[in-house]
Amino acid sequence: MTPLRWSRRTAALPESAPEKGPWAPAPVIEVRSLIKTYGHGDAAVHALSGPVDPVSGAALGVELVVQQGDFVAVMGSSGSGKSTLMNILGCLDVPTSGRYLLDGIHVGGLDERQLSLVRNRKIGFVFQSFNLVPRTPALAQVELPLAYAGVKPAERRRRAEAALTLVGLADRMDHRPNELSGGQQQRVAVARALVTAPAMLLADEPTGNLDSHSTEEVLAVVDRLNAAGRTVVLITHEDEVARHAKRVVRLVDGRIVDDVRQAPVDGPPPAMRDDASLVGGGR
Amino acid sequence: MSLFQTLRFAFGGLAANKVRSALTMLGVLIGVAAVIVLLAVGNGSSQAVKDSIEKLGTNALTVSSGGGFGGSRSATATKPLTVDDARALADPASAPHIESVAPETTTSQTALYQGTSHTVSQVVGTYPAYFKASNSKVTKGDYFSDDDVLGARKVAVIGSTTATDVFGTADPVGRKMTLGGTPFTVVGVLATKGGTGFQDPDDVVVAPLPTVQNAFTGFGSLGQILVEAKSADATTQAQDEITTVLMGRHGIKDPTALDFRVSSQASLLTTQADTNKTFTVLLGAVAAISLLVGGIGITNIMLVTVTERTREIGIRKAIGAPRGVILGQFLAESTLLSLIGGGLGVAAGLIGSHFTIVGIKPVIIPESVVGAFAIAVAIGLFFGGYPANRAASLRPIEALRHE
């Protein structure tokens, strides 16, 4: 129960400042020896295995640490395990083995109820296919996580409106998903993901279904969020999108093969620091 | 997550599939309405029996000729009932619990009046005591008197059906009609009894016994003797006294070999009321089955809804909907279905019970209304529980991948 109460207190803080522990701030994501296997025996598919032990030949599992305020792009071709990793990071799926500490909480030890609390307060998830609730206006859509968190209606409305204004949809609050363009839908999804002030924003190919103009709109929102201190983990296979990240991790066959830092953790994301060069390179 | 919020989501879910929701509600509606109406019909028919018991007079006993089932076998010869038997029963010394005795002979004759012909199913020849014992009252004119009986006058008191069929709108009192060739003067018209049996109790002509015997049946045996006990409580003693007196007069020693039968109208009708109860239970069972089918309809629709909205459930779970909220949402939907369906069913049942169904005026049992409604809602909760639980237990990633 301790992590639960702890998570409630954090969620109550507006735009939670990086937590100042006695030493360094705890990493937002700490993944140790993470392995995910689908199926059994010969038919087993090793979605995430990490490097292989040269002596025993056993999989050692994926290791990944993401610091507060970082902007990580996870890249890889289909089947590289990046979506599996994302689902585990988002507490939507459970690893076969290994430890996953989210904001200092050992997720594997949580029950169903606590997991839903973690999904609600700690993680903002943005999907490739938007995944908005059908027939629900944008404002109600964004209010939904707050409703699940038990926030009072007036407060809920205020925060949802603020989040929608932040993503530039102040004039589309009463529109239903089928009345919004793809870019607008994805920005509603981003607003919904960040309205609970989560520890991190997880985006699974957020621009995969968008045209270039909408892609720029959504990425600009993500850049601004990261500049404001929000940790972002984003999956993509487009270099143009990865260019926005401070750090790029490449996955091949369930292993991290490449980990490049493009910008320091503290400070603005590359796109905002070097706007001119990005526009030049992007077109 | 407030209750209001949950209900709003549930309404939204139902509104998304209006036709489907309406049809499911219709299932519950029919179930609930069937329970209410069918039980009301059953109850109405027993009520009608109860009413006719009261109309007949609970004090009345009928003595008829012939043994009971198997009784006549051992009797050497069946002695018919006679006027002397009736006279013996009227003796207060041997039968202190008997109030009055009316010997009866019954026939069927055709009545004629100014070219109108009508077959009267019951022409009763009797004494004036008949009217009180059989709970027959005149509304127009008067009863015939003991003098009419002694003088064997050709007077008659007729039932209300006979009055309208023979005389139409004209006032029959004082008019003469021909009954089986004999002219009778109508002196009174009986109050309408109404009834549920095959025979219309209002299609009757009551005349003095000697008159009817003289004209139609002859001076032999009687059809039956109508006996009125002093009170409803005294019917058992009166029955014993009748048996004792008639056994003495007919010379029967063995009480199991009687050549006559004493039956109380009330006991006959109680048997009929019991039959009615069985009838009501059967009707109730049929209605309960239709309610159950309605409940299965809810389960079916909720299962479809859950499957169809698996993705939505995944989204809701991904943004942190706890199990309880998902469970609550789907339970609320199924309960709303049954609540609205049940409410409309109660309305339909109450309206339907105002109509006369197969000749029976339904009488609503208040418990059936409350019960059917409560069962409908409980069915919604119970049958909605399984799909709702299935929805709530889905793993978010599996739900999201569902297409």
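These notebook entries record what I looked up in the structure above.

**Entry 1: The model and its numbering**

I noted that this is a predicted model, in which local features need pLDDT of at least 70, side-chain atom pairs count only at pLDDT 80 or more, and totals for chains, interfaces and linings use all residues. Residues are numbered from 1 along each chain as its sequence is written, and chains are lettered from A and ligands numbered from 1 in the order in which they are written.

**Entry 2: The two chains in outline**

I began with the secondary structure of chain A, which comes to 10 helices and 11 strands. Helices (H or I, at least four residues) and strands (E, at least two) are DSSP runs, numbered from the N terminus. Chain B has 14 helices and 10 strands.

I then looked up burial. A residue is buried if 20 or more other C-beta atoms lie within 10 Å of its own, exposed if 12 or fewer, and partly exposed in between, with C-beta atoms placed from the backbone. Of the 283 residues of chain A, 47% count as buried. In chain B, which has 403 residues, the buried share is 44%.

Next I looked up contacts; two residues are in contact if their C-beta atoms, placed from the backbone, lie within 7 Å. In chain A, 71% of the contacts with a separation of 6 or more are between residues 24 or more positions apart. In chain B, 84% of the contacts between residues at least 6 apart in sequence join residues at least 24 apart.

**Entry 3: Where chain A touches chain B**

How many residues of chain A are in contact with chain B? I found that 21 residues of chain A are in contact with 18 residues of chain B. On the side of chain A, the elements that give two or more residues are helix H3 (112–121) and H4. H3(A) supplies the largest share, six residues. By class, this side of chain A divides into 10 nonpolar, five polar and six charged residues. Here Ala, Val, Leu, Ile, Met, Phe, Trp, Tyr, Cys and Pro count as nonpolar, Asp, Glu, Lys and Arg as charged, and the others, Gly among them, as polar.

**Entry 4: H4 and H6 of chain A**

I followed H4 (residues 138–149) of chain A to helix H6 (residues 182–194) of chain A; the two pack at an angle of about 30°, with their axes 7 Å apart. Axes are lines fitted to C-alpha atoms, for helices over the stretch in contact, and angles run from 0 to 180 degrees between N-to-C directions. H4(A) and H6(A) are therefore roughly parallel to each other. Angles under 35 degrees count as roughly parallel, over 145 as roughly antiparallel, 65 to 115 as roughly perpendicular and the rest as oblique.

The crossing of the pair is right-handed. A crossing is left-handed if the near helix is turned anticlockwise from the far one by less than a right angle, and right-handed if clockwise. H4(A) contributes Ala138(A), Gln141(A), Val142(A), Leu144(A) and Pro145(A) to the contact, while H6(A) contributes Val188(A), Ala191(A) and Arg192(A). I recorded these residues as six nonpolar, one polar and one charged.

I examined the loop between strand E7 (123–126) and H4 of chain A, where Asn131(A) is found. Its phi is near 50°, a positive value in a residue other than glycine. Asn131(A) is buried, with 22 other C-beta atoms within 10 Å.

Arg135(A) is found in the loop between E7 and H4 of chain A. Although Arg135(A) is not a glycine, it has a positive phi of about 60°. Is Arg135(A) buried or partly exposed? It counts as partly exposed, with 14 C-beta neighbours inside 10 Å.

**Entry 5: Strand E1 of chain B**

I traced the partners of strand E1 (residues 60–65) of chain B; two strands pair if DSSP finds at least two bridges between them. Five bridges join E1(B) to strand E9 (residues 224–229) of chain B, and the two run antiparallel. Ser64(B) has Gln224(B) as its bridge partner in E9(B). E1(B) also pairs with strand E10 (residues 260–264) of chain B, over five bridges in the antiparallel sense. In E10(B), Ser263(B) is the bridge partner of Thr62(B).

**Entry 6: Thr24 of chain B**

I located Thr24(B) in helix H2 (residues 18–56) of chain B. Thr24(B) is buried, with 27 other C-beta atoms within 10 Å. Its C-alpha atom is separated by 6.1 Å from that of Gly297(B), 273 residues apart along the chain.
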